[in-house]
Protein chains: 2
Amino acid sequence: MRIEEAIKQNKPFSSEFQKSIVNLVYTASWWNQVATRLLRPFGISQEQYNILRILRGMGDQPATIKTLTERMLDNNSNASRLVEKLKKKALVERLECPMDRRRVDITITAKGLQLLDETSKIMESDMHKNFKHLTEAEAQQLNELLDKMRG
Amino acid sequence: MRIEEAIKQNKPFSSEFQKSIVNLVYTASWWNQVATRLLRPFGISQEQYNILRILRGMGDQPATIKTLTERMLDNNSNASRLVEKLKKKALVERLECPMDRRRVDITITAKGLQLLDETSKIMESDMHKNFKHLTEAEAQQLNELLDKMRG
DNA sequence: CAACATTCAATGTATAGACATATATTTGCA
DNA sequence: TGCAAATATATGTCTATACATTGAATGTTG
């Protein structure tokens, strides 16, 4: 569905630029809903899922809050509080860093890894289901345009 | 900056599809920050701004909560509560609809219109500043790909 | 080394999104 | 007509974002 229909806009946009912004926000919101519903049965939010993925990607190395903040998709979200919630579910561990006591070393637990394996399998298969409309070449083009859009 | 650098991802993405999703979410968050900071001096949020724009677009016709919900970019947001906040700032008016007392007719006030004129001028000029990297043709291509992405 | 600046994480306080539920109307149809 | 279903909005609760502030630990520099 074209963006104009999606938001029932009658008037034309004042420029393709304007339309791109609206389309970006709308599409992100669309994906957000898809992802939220997929993750809900597993009891974690997208942001928590994202943190688990970053931690898994670190291998044996622990991450600090700072590392997480840098790598999160939305780096204004509050890594501290998200980690706290993951810890309550025993999905991550938090240890004071011995080298620098300001820091906190965060690692994913076995339980966290297991949950992540399950969910990421489902997430990825659903992604491909949702993306059957875009070819690999189109996805690549989209990536280039989005990168360029940010300047 | 390419998305891999932006989120400091070392490993390659498992597919362009995956990368597109990450890029979409990241770019939306980037825009969100830009817009939030632009609007902050005016004391309204992006969502409130969006509602004011929809109301202005209605011309003389009032909008109901339902109309707003349908047209909002994120239609899970809570139009009721957003309208309540705008009303507190005297930017909108809310009247019980005489035809159907379940409904509420919402209109933008003169004060709301004035605020919107100021902010939208600034928003649009900043949009163009932020978009100087994309040509009109590229913006159009981006729109097509985003529409297609949603299926 | 002491004083000051910087860094890292946590927290307080707004606002908003996700979703279930409540409440008041209106509609539709037996 | 009467009553169940549908509709429009509001609200409760949890989660997350935005941003300022705090407080502890560490760096830096005179």
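Colleague: How are α3(A) and α5(A) oriented to each other?

Modeller: First, a caution: this is a predicted model, where local features need pLDDT of at least 70 and side-chain atom pairs count only at pLDDT 80 or more, while totals for chains, interfaces and linings use all residues. Residues are numbered from 1 along each chain as its sequence is written, and chains are lettered from A and ligands numbered from 1 in the order in which they are written. Now your helices: the axes of α3 (residues 46-57) and α5 of chain A come within 10 Å and cross at roughly 85°. α3(A) and α5(A) are therefore roughly perpendicular to each other. That label covers 65 to 115 degrees; under 35 degrees counts as roughly parallel, over 145 as roughly antiparallel, and the rest as oblique.

Colleague: And what do you mean by axes and helices here?

Modeller: Axes are lines fitted to C-alpha atoms, for helices over the stretch in contact, with angles running from 0 to 180 degrees between N-to-C directions. Helices (H or I, at least four residues) and strands (E, at least two) are DSSP runs, numbered from the N terminus.

Colleague: Which residues make the contact of α3(A) with α5(A)?

Modeller: From α3(A) they are A:Glu47, A:Gln48 and A:Ile51, and from α5(A) they are A:Leu82, A:Val83, A:Lys85 and A:Leu86. In contact means that the C-beta atoms of two residues, placed from the backbone, lie within 7 Å. The residues of this contact are four nonpolar, one polar and two charged. For those classes, Ala, Val, Leu, Ile, Met, Phe, Trp, Tyr, Cys and Pro count as nonpolar, Asp, Glu, Lys and Arg as charged, and the others, Gly among them, as polar.

Colleague: What does A:Ile51 touch, leaving aside its neighbours within four places in sequence?

Modeller: With those left aside, A:Ile51 is in contact with A:Leu68, A:Leu82, A:Val83 and A:Leu86. A:Ile51 also belongs to the largest nonpolar core, which has 80 residues; among the members that touch the most others are A:Ile51, A:Val25 and A:Leu55. A nonpolar core is a set of buried Ala, Val, Leu, Ile, Met, Phe, Trp, Tyr and Cys residues joined through C-beta atoms within 7 Å. A residue is buried if 20 or more other C-beta atoms lie within 10 Å of its own, exposed if 12 or fewer, and partly exposed in between, with C-beta atoms placed from the backbone.

Colleague: OK, over to chain B. At what angle do the axes of α3(B) and α5(B) cross?

Modeller: Roughly 85°, and they come within 10 Å. The contact there is made by B:Glu47, B:Gln48 and B:Ile51 of α3(B) with B:Leu82, B:Val83, B:Lys85 and B:Leu86 of α5(B).

Colleague: How many residues of chain B are in contact with chain A?

Modeller: 49 residues of chain B are in contact with 49 residues of chain A. On chain B's side, α2(B) gives the largest share, 17 residues. By class that side has 21 nonpolar, 15 polar and 13 charged residues.

Colleague: Why does A:Lys8 count as exposed?

Modeller: Because A:Lys8 has 10 C-beta neighbours inside 10 Å. Another one is B:Ala90, with a positive phi of about 60° although it is not a glycine. B:Ala90 is in the loop between α5 and β1 (92-96) of chain B.
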